Amino acid sequence: MQKEDVPQDPSALGQFTKEVCYATDASGKYVTELSTGWEVKASALDAAWKDIEERVASARQKVIDGKASPILFFMEKRIMDMPTLSAYTGFWKWRIQRHLTPKGFARLSERKLGKYAEAFGVSVDQLKSMTLHED
Amino acid sequence: MKTEFDHLQAAHCETGVTTGLMHHIGLDKMTEPLAFGIGAGLFYIYIPYIKISNGPAIAFRVMPGLIFKRACKALGIPVVRKKFRTKEESRVALDSRLAQGQPVGCQVGVYYLTYFPKEYRFHFNAHNIVVFGKEGDNYLVSDPVMEYVTSLSDYELERVRWAKGALAPKGQIYYPMPSSEPVTDEHIARAIRKGIRSNAWVMLNIPGHIAGVSGIKYTGKKIKKWKDQLGLHTAGLYLAQLVRMQEEIGTGGGGFRYMYAAFLQQAMAYTPHGTLPEASALFTQAGDLWRNAAVQAAGIYKGRLQTQGDFNQMGDYLMEIAAVERKAFTALSKIKWTS
């Protein structure tokens with residue numbers, strides 16, 4: 001890639017930094033050039049976030065329909081997969097699996113609810129009621 | 001307290017931290033491409049059946065920490081690396097290093113990294129920063145992907161140093177110590193040759209078909225089947241993930257090829273050989289092809305390209321890349337250094 005071809009597209013990256021790219025100058029020598037972003041990358045990130053939003057919406061519906069517990073909603077909201085949630089709460093995966101059902105969730109002690117709430121960065125009340133104030 | 005540390009913006013976090021910390025111990029000749037090449041950082045792996053954020057597990061780099069470790073070892077620079085059991089221990093260890101004037105490399109998770117915009121904050125735990133001072137409750141942070149230095153509060157730094165999940169940093173700190181004898185150009189030349197040999201060996205000969213050059217080819221083959229196996233929507237998301245792993249800060253597939261090409265150019269100054277410029281040109285070509293592949297992938301996940309033919313084309317790009325990189329590494333592996 002030549003220095004002039006380093007993309008300078010608007011992107012979320014541009015809000016906080018420019019990134020260093022290695023590219024060649026007229027003589028073919030490698031130099032660094034700053035880039036504000038690349039549309040191709042920005043759209044990949046958009047696609048990922050759109051998918052996350054769809055997952056969150058679908059999880060919310062499942063909870064409302066009584067097919068899942070609020071833990072599913074917050075997992076999707078916090079982009080946590082099972083190993084990550086397991087690491088943050090200290091619960092084994094099969095136990096989380098159980099807590100993901102409305103029945104399993106209803107049986108959770110305050111202490112365990114507290115652990116989930118802490119992992120998701122919400123209060124226990126917010127966890128139960130599936131409300132979230134964006135930070 | 002504040003240590004003497006010159007912030008260095010870099011294309012990649014680990015090579016940036018490595019280069020910055022090496023400058024600190026007086027090795028001013030170190031550049032990011034040299035650190036990357038000496039650390040034999042170019043890699044590729046696609047692990048099927050494992051999913052990361054609901055997409056394919058693909059990496060363009062070696063395990064976190066390995067570039068730093070290898071680069072220091074090849075140059076005869078002693079390394080300090082510590083993991084901790086408790087947050088308290090990790091805080092005390094960091095503070096005491098800073099009090100001694102030692103800037104410290106830290107592995108951190110990006111999910112709670114407050115100075116990153118929300119869009120970039122995933123549960124990725126192998127980001128690297130340099131902490132170089134503390135003013136009141138704030139730690140001074142040199143993050144190689146940022147243009148300028150930044151800071152994190154006590155609590156914020158602790159949270160990212162103790163991020164959990166895959167590759168959890170466990171408060172990990174690391175830094176190089178000044179070596180007993182100065183690093184000469186001959187040392188660097190030797191380290192470069194070693195780095196090239198080991199990187200070529202890994203990319204060509206790593207066993208199995210999911211890693212190295214054959215891993216790229218394997219991914220190409222797989223992609224051709226994604227449309228039928230996964231459906232257009234999921235296949236598109238998989239490709240978006242491939243592009244993110246490839247081009248996003250801290251990973252960089254296309255970018256890494258350019259960096260490796262730059263490394264081979266810079267290597268000429270230390271250990272000249274006719275094959276180096278040729279191989280460098282091939283890596284430039286590979287980098288361009290990775291970018292073309294990303295454009296093709298974008299066409300698919302944005303819904304502009306939807307046919308099996310488009311997926312075949314995408315797969316073919318990766319096959320072509322595999323062929324170019326095989327050629328380049330084969331040429332490098334056959335170099336007989338005269339000195």
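Buried residues account for 35% of the 135 residues in chain A of this predicted model. As for the overall build, chain A has 7 helices and 2 strands, and read from the N terminus the order is β-β-α-α-α-α-α-α-α. The radius of gyration comes out at 21 Å, well over the 14 Å that the globule rule gives for 135 residues, so chain A is more spread out than a compact globule. Along its principal axes, the C-alpha trace spans about 70 × 30 × 25 Å. Of the contacts in chain A between residues at least 6 apart in sequence, 47% join residues at least 24 apart.

Now to the packing of H1(A) and H2(A). The axes of H1(A) and of H2(A), residues 70-77, come within 8 Å and cross at roughly 170°. With angles over 145 degrees counted as roughly antiparallel, H1(A) and H2(A) are therefore roughly antiparallel to each other. On the H1(A) side the contact is made by A:Ile52, A:Arg55, A:Val56, A:Ala59, A:Arg60, A:Lys62 and A:Val63, while H2(A) brings in A:Pro70, A:Leu72, A:Phe73, A:Glu76 and A:Lys77. By class, this contact holds 7 nonpolar and 5 charged residues, with no polar ones.

H1(A) turns up again where the chains meet. There, 31 residues of chain A are in contact with 42 residues of chain B. H1(A) gives the most, with 9 residues. The side of chain A that touches chain B has 20 nonpolar, 5 polar and 6 charged residues.

Definitions and conventions. Residues are numbered from 1 along each chain as its sequence is written. Chains are lettered from A and ligands numbered from 1 in the order in which they are written. This is a predicted model: local features need pLDDT of at least 70, side-chain atom pairs count only at pLDDT 80 or more; totals for chains, interfaces and linings use all residues. Two residues are in contact if their C-beta atoms, placed from the backbone, lie within 7 Å. Helices (H or I, at least four residues) and strands (E, at least two) are DSSP runs, numbered from the N terminus. Ala, Val, Leu, Ile, Met, Phe, Trp, Tyr, Cys and Pro count as nonpolar, Asp, Glu, Lys and Arg as charged, and the others, Gly among them, as polar. Axes are lines fitted to C-alpha atoms, for helices over the stretch in contact, and angles run from 0 to 180 degrees between N-to-C directions. Angles under 35 degrees count as roughly parallel, over 145 as roughly antiparallel, 65 to 115 as roughly perpendicular and the rest as oblique. The radius of gyration is taken over C-alpha atoms; the globule rule is 2.2 Å times the number of residues to the power 0.38. A residue is buried if 20 or more other C-beta atoms lie within 10 Å of its own, exposed if 12 or fewer, and partly exposed in between; C-beta atoms are placed from the backbone.
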